[in-house]
Amino acid sequence: MKLKTIFTAALLSGCPAAALACTGLIATPGASADSSALVTYAADSHTLYGELYHKPGGKHEKGSMREVVEWDTGKRLGEIPEVAETYTRIGNMNEHGLAITESTWGGRHELAGSGLIDYGSLIYITLERARNAREALDVMTGLVRDYGYASEGETFTIADPNEVWIMEMIGKGKDDKGAVWVARRVPDGYIAGHANHSRIHKFPLKDKKKETIYSPDVIKFARKKGYFDGKDEDFSFSRAYAEYDMGALRGCDGRVWSFYNRFVPDMDRYLPWILKGEGEPLPLWVKPTKKLTANDMKWMMRDHFEGTPLDMTKDAGAGAYKVPYRWRPLTYKVAGAEYTHERAIATQQTGFSLVAQLQAKAPESMKGILWFGVDDANTSVYVPMYCCLTEAPYEYREGNGDLLNLSWDAAFWVTNFVANQAYNRYSQMIPDIRRVQTALEDSIEQEVAILYREVPYLEAEAGRKLLRERSADWSKKCTDAYRALGERLLVKYLDGNIKKEDEKGNFARTPEGMPTSPEFGGYDERYYRSIVADPEGGERLRVIEVPQSDTPAK
């Protein structure tokens with residue numbers, strides 16, 4: 001079926017905070033090299049500051065209330081009874097190694113909920129109340145049943161060290177506070193993903209293993225609203241409740257396709273679906289040909305479709321320096337026809353991103369590692385935040401700077417300092433960034449491997465104390481290193497030039513101690529050709545031979 005070629009509202013508007021355009025990738029324990037569940041999240045919004053949320057757990061007296069604040073807006077929605085005991089959460093993970101992430105798809109806008117629990121509160125309240133994925137499903141569905149759902153269409157990743165679930169949920173509109181939903185366990189040994197489009201189509205209606213569960217009225221409600229009139233066994237949650245256009249496919253499923261394409265052969269057969277809405281829909285999950293690592297997931301979060309027909313470094317929009325970024329809006333018109341930029345996984349408006357590594361055989365204090373980065377995942381450093389943390393490191397802490405107040409001690413701001421220089425001269429600067437970025441991440445990964453072996457032999461509290469110290473130390477080291485990197489980029493590439501370096505990496509000087517003459521980076525051949533082809537340039541800029549006079553100058 002051919003689909004209309006307009007883009008969804010969330011993509012057109014540049015992904016506002018009210019509809020975060022996020023990407024979630026999944027590798028089940030059987031699909032990972034160390035039997036960890038691996039899940040990713042990029043919180044993409046032009047109004048989201050990159051910081052690590054934290055809330056301590058504890059015991060609560062009977063009758064205590066828990067305030068509910070809408071994540072997108074900060075608006076107070078009300079309060080609900082608190083439970084007797086809550087768990088400490090750090091970012092999108094809690095002390096038990098449970099991780100929950102999301103991506104918004106909006107869906108049928110008349111179904112925007114009117115309840116008390118928005119999607120952000122649903123995540124963070126559940127992390128405070130559940131120890132594993134199955135408990136989380138019970139908590140989440142119970143919260144929206146009892147207090148109503150205040151958001152639109154949403155896909156959640158719910159993961160613990162043993163299993164990963166995808167749950168999709170949408171409200172019932174202003175006249176009904178509830179929600180309809182379906183949740184499916186990703187089969188072990190498979191990878192999956194979601195990126196701002198509903199991904200669950202048909203699902204088994206009778207599952208003895210209880211690896212697919214759904215709200216009792218998920219089909220009945222769709223019939224009532226006129227979204228579906230077929231046989232129950234043909235019901236597709238996505239077709240009934242989501243909206244289909246080229247934004248949903250190319251801009252959303254396209255990101256999941258790029259993940260699959262990296263680890264599964266013959267994914268080109270789904271390009272007609274991604275590009276034209278034709279042919280076979282992208283599967284909910286696929287089986288990779290290799291076991292994935294946390295490092296694989298980090299680099300997928302830095303993806304710009306490199307090496308595919310959608311490669312963002314190849315078209316003219318990349319400019320002279322092969323920049324894989326396009327400023328908003330995503331769509332534009334030329335001579336009455338509408339065109340689009342690609343929407344990749346890595347994007348400049350990311351507030352924070354993460355890779356949650358959840359491992360059953362790890363010591364309790366390391367059962368969950370939140371590899372956490374701020375700003376654009378492509379140029380950030382992923383720092384390990386362990387599930388035993390009792391506070392966020394200072395460089396990532398709430399209140400250390402914000403979108404309108406720069407802090408040179410905040411990881412978010414120094415990462416932006418680096419990234420925003422690279423956006424201007426990407427192909428020249430990215431090798432410098434990669435050297436620092438990979439050196440830091442390689443050192444961190446080596447240390448984590450050692451800690452996995454050593455922490456089990458330490459007394460429990462000593463182990464937790466060590467891990468907290470290591471997270472704090474790496475947070476400061478990486479922030480300091482990136483502040484120095486940003487300063488070096490400014491100096492090295494000043495005024496369009498490139499300062500030369502000696503064999504030790506220092507800026508080169510003459511024997512007299514003066515700076516050597518810089519290199520002139522210039523532009524690539526395609527850029528020069530585009531200038532010549534431009535009617536405003538072309539002949540006006542051609543170098544001509546000036547006639548010489550036969551008469552000697554006097």
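H197 is a buried residue, with a relative accessibility of 3%; buried here means under 20% relative accessible area, exposed over 50% and partly exposed in between, with a 1.4 Å probe and protein chains only. H197 belongs to the loop between strand 14 (191-194) and strand 15 (212-214), where strands (E, at least two residues) and helices (H or I, at least four) are DSSP runs numbered from the N terminus. Not counting residues up to four places away in sequence, H197 touches W105, T155, E168, S238, A242, E243, Y244, A248, L249, C252 and D253, a contact being heavy atoms within 4.5 Å.

The structure is a predicted model, in which local features need pLDDT of at least 70 and side-chain atom pairs pLDDT 80 or more, while totals for chains, interfaces and linings use all residues. Residues are numbered from 1 along each chain as its sequence is written, and side-chain values use heavy atoms, without hydrogens and water.

Most residues other than glycine have a negative phi, and most peptide bonds are trans. N196 has a positive phi near 70° and lies in the loop between strand 14 and strand 15. D375 also has a positive phi, of about 65°, and is placed in the loop between strand 20 (368-374) and strand 21 (383-386). The peptide bond from R328 to P329 is cis, with omega near 5°; P329 lies in the loop between helix 8 (294-300) and strand 17 (331-334).

| Residue | Relative accessible area |
|---|---|
| C22 | 0% |
| T40 | 0% |
| C478 | 4% |
| N196 | 9% |
| D375 | 1% |

T40 is part of strand 2 (residues 37-44). Leaving aside neighbours within four places in sequence, T40 contacts T23, G24, L25, T101, M297, M301, L354 and V355.

The count of disulfides, defined as pairs of cysteine sulfur atoms within 2.5 Å, is zero. For C478, the closest cysteine sulfur is that of C388, at 18 Å, which is too far for a bond.

Helix 2 (residues 119-129) and helix 3 (residues 133-147) have axes that come within 9 Å and cross at roughly 130°. The two helices are therefore oblique to each other, a class for angles that are not under 35 degrees (roughly parallel), over 145 (roughly antiparallel) or 65 to 115 (roughly perpendicular). Their contact is made by L122, I125, T126 and R129 of helix 2 and by E135, A136, V139, M140, L143 and V144 of helix 3.

Notes
Axes are lines fitted to C-alpha atoms, for helices over the stretch in contact, and angles run from 0 to 180 degrees between N-to-C directions.
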